[in-house]
Amino acid sequence: MCGIVGIVSKSNVNQELYDALTVLQHRGQDAAGIVTFQDERFFLRKDNGLVRDVFRTRHMLRLAGNVGIGHVRYPTAGSSSSAEAQPFYVNSPYGITLAHNGNLTNTEEVANEIYRTDLRHINTNSDSEVLLNVFAHELHKLGKLVPTKDDVFAAVNAVHKRVKGAYAAIALITGYGIVAFRDPNGIRPACYGKRVSERGTEYMIASESVALSSLGFELVRDIQPGEAVYIETDGTLHTQQCAEKPVLNPCIFELVYFARPDSIIDGISVYKARLRMGDHLAEKIRRENPEHDIDVVMPIPDTSRTSAMQMALNLGIKYREGFMKNRYIGRTFIMPGQSERKKSVRQKLNPIELEFRGKNVMLVDDSIVRGTTCKEIVQMARDAGAKKVYFASAAPAVRYPNVYGIDMPAANELIAHGRTVEEVRTMIGADWLVYQDLDDLIECAREGNADIEKFDCSVFDGKYVTGDITDTYLQRLELLRSDTNKSQREKELMSAQVPLDLHNDE
């Protein structure tokens, strides 16, 4: 999962791009990058690390220009190489740089086409570089010295025909403007907004609406599936549908975990969707165990707080904050290795013992993926004196890997894959385990936007909306994503690293 942003302004955009990336930091903590444009030149800074660590004053001063894009990344294939930090750049045609959120499902096939037919070179293992080269090649084929909006839209249309999977992307074309586009299923989110002042109208594109509102931009709307939005450097806005059969199938896991609660995604308030998840969990608890003996409901901070609060209110049970979070530890879900994730749980959370002692505690989390975190937390609750420890997941059981840009691990590393609820309960050490029903989760999301007929729920039901996912593809993905193979690749990468140049001020 990644975060993307682009701004066309009437003044320098470096600080606002930085601020927007800090707001989107939850979408990726592995690397960050910003590129701006001024006087026919790109100015780029990108590296591994959090936004606050990648950009220093000397870097910000060099990022000159009124147009720019930014990116925060986490590695879906487990690589932490700075070579795969975005945005990526190609010099032909015009000079184009691109930032991408999602995952292409036919990367290998298209990369081969790029080399053999398009005569272009791919320098990394990133599908984002593949996407950039496809867009650049299709724009180059038109043979225009000065591209028009119709040329840009024609190139996006050709991209949709060549690549498959999930992609929300922003590209900066030297001297002309930025173009953002979304895959024909609208799996990954993207929206745009405007800000009107005495200087004129300025535009911003971002993964989530919270990035717009935090910078004073008014949300105009979400970019539609298959649609492209082209903003020229003078602020002229153009939009066009570029896919033949677009249909909105957004990723429902955005609402469960990834998105910030103060965002609006595809017309759905993330906060309200999570409130509804809490209500539905409460109703399921009543159905399964009307004589329950829950004394207190506690969230596992932060993502589950909204659902847990509403569950407690619905059940008429006390809500308490039982865990204090160290906010300087990253999100364990997106850490690259199992040992690092396990180690960080107790570093990140510390129980308030008086809230647990002698009580039957219902812990609420947004989801259960590997089971590493919740197993540790259940034991922490017992160590703090809880009499019984119950566990509720605001999402259904995660049984299948994600292929659209979320680093859900290999299927055999998902705790619920091939197991019953009772087996999972035993493995995490809880006295009772409650999962959200998938139909209820879909209802929680659809209530926010009744026009959405179908969501991508593949991690729960194994149904992949692009229709091109085979067992062979999933087997290859498992080889890439297993923690064992990730660790091996990291060791190989480290052994091949060039010694650090301490005199390099970049």
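Biologist: Why is Trp 432 called buried?

Modeller: In this predicted model, Trp 432 has a relative accessible area of 14%. Buried means under 20%, so Trp 432 is buried.

Biologist: What makes Tyr 390 and Trp 432 an aromatic pair, and of which kind?

Modeller: The two rings lie 5.4 Å centre to centre, and the limit for a pair is 6.5 Å. The angle between the planes of Tyr 390 and Trp 432 is 80°. Over 60 degrees counts as edge-to-face, so that is the name for this pair.

Biologist: Why is the pair said to tie parts together?

Modeller: Tyr 390 lies in strand β21 (residues 388-393) and Trp 432 in strand β22 (residues 432-435), so the pair links parts that are 42 residues apart in sequence.

Biologist: Is Tyr 390 buried or exposed, and how do you know?

Modeller: Its relative accessibility is 6%. The cut-off for buried is under 20%, so Tyr 390 counts as buried.

Biologist: What makes the pair of Phe 37 and Phe 42 edge-to-face?

Modeller: There are 75° between the planes of Phe 37 and Phe 42, and the name applies over 60 degrees. Their rings are 6.5 Å centre to centre. The structure holds 13 aromatic pairs.

Biologist: Why do Phe 37 and Phe 42 count as buried?

Modeller: Phe 37 has a relative accessible area of 10%, and Phe 42 is at 17%. Buried means under 20%, so both Phe 37 and Phe 42 are buried.

Biologist: Which residues form one aromatic cluster?

Modeller: Tyr 74, Phe 253, Tyr 257, Phe 258 and Phe 460 form it. Phe 253 and Phe 460 are also among the residues with the most contacts inside the largest nonpolar core, which has 57 residues. Helix α9 (residues 270-288) gives the most to this core, with 6 residues. A second, separate core has 30 residues, including Phe 88 and Val 130.

Biologist: Where does Asp 118 lie, and why is this residue called buried?

Modeller: Asp 118 is in the loop between α4 (107-116) and α5 (127-141). Its relative accessibility is 10%, and the cut-off is under 20%, so Asp 118 counts as buried.

Biologist: What makes the link between Asp 118 and His 137 a polar contact?

Modeller: The side chains of Asp 118 and His 137 come to 3.1 Å. A polar contact needs N or O atoms within 3.5 Å. Leaving aside neighbours within four places in sequence, Asp 118 is in contact with Glu 113, His 137 and Arg 162.

Definitions and conventions. Residues are numbered from 1 along each chain as its sequence is written. This is a predicted model: local features need pLDDT of at least 70, side-chain atom pairs count only at pLDDT 80 or more; totals for chains, interfaces and linings use all residues. Side-chain values use heavy atoms; hydrogens and water are left out. Helices (H or I, at least four residues) and strands (E, at least two) are DSSP runs, numbered from the N terminus. Buried means under 20% relative accessible area, exposed over 50%, partly exposed in between (1.4 Å probe, protein chains only). A polar contact is a pair of N or O atoms within 3.5 Å; within protein, one must be able to donate a hydrogen and the other to accept it, and residues adjacent in sequence count only if both atoms are side-chain atoms. Contact means heavy atoms within 4.5 Å. A nonpolar core is a set of buried Ala, Val, Leu, Ile, Met, Phe, Trp, Tyr and Cys residues joined through side-chain atoms within 4.5 Å. Rings of Phe, Tyr and Trp (its six-membered ring) pair if their centres lie within 6.5 Å; planes under 30 degrees apart count as stacked, over 60 as edge-to-face and the rest as tilted.
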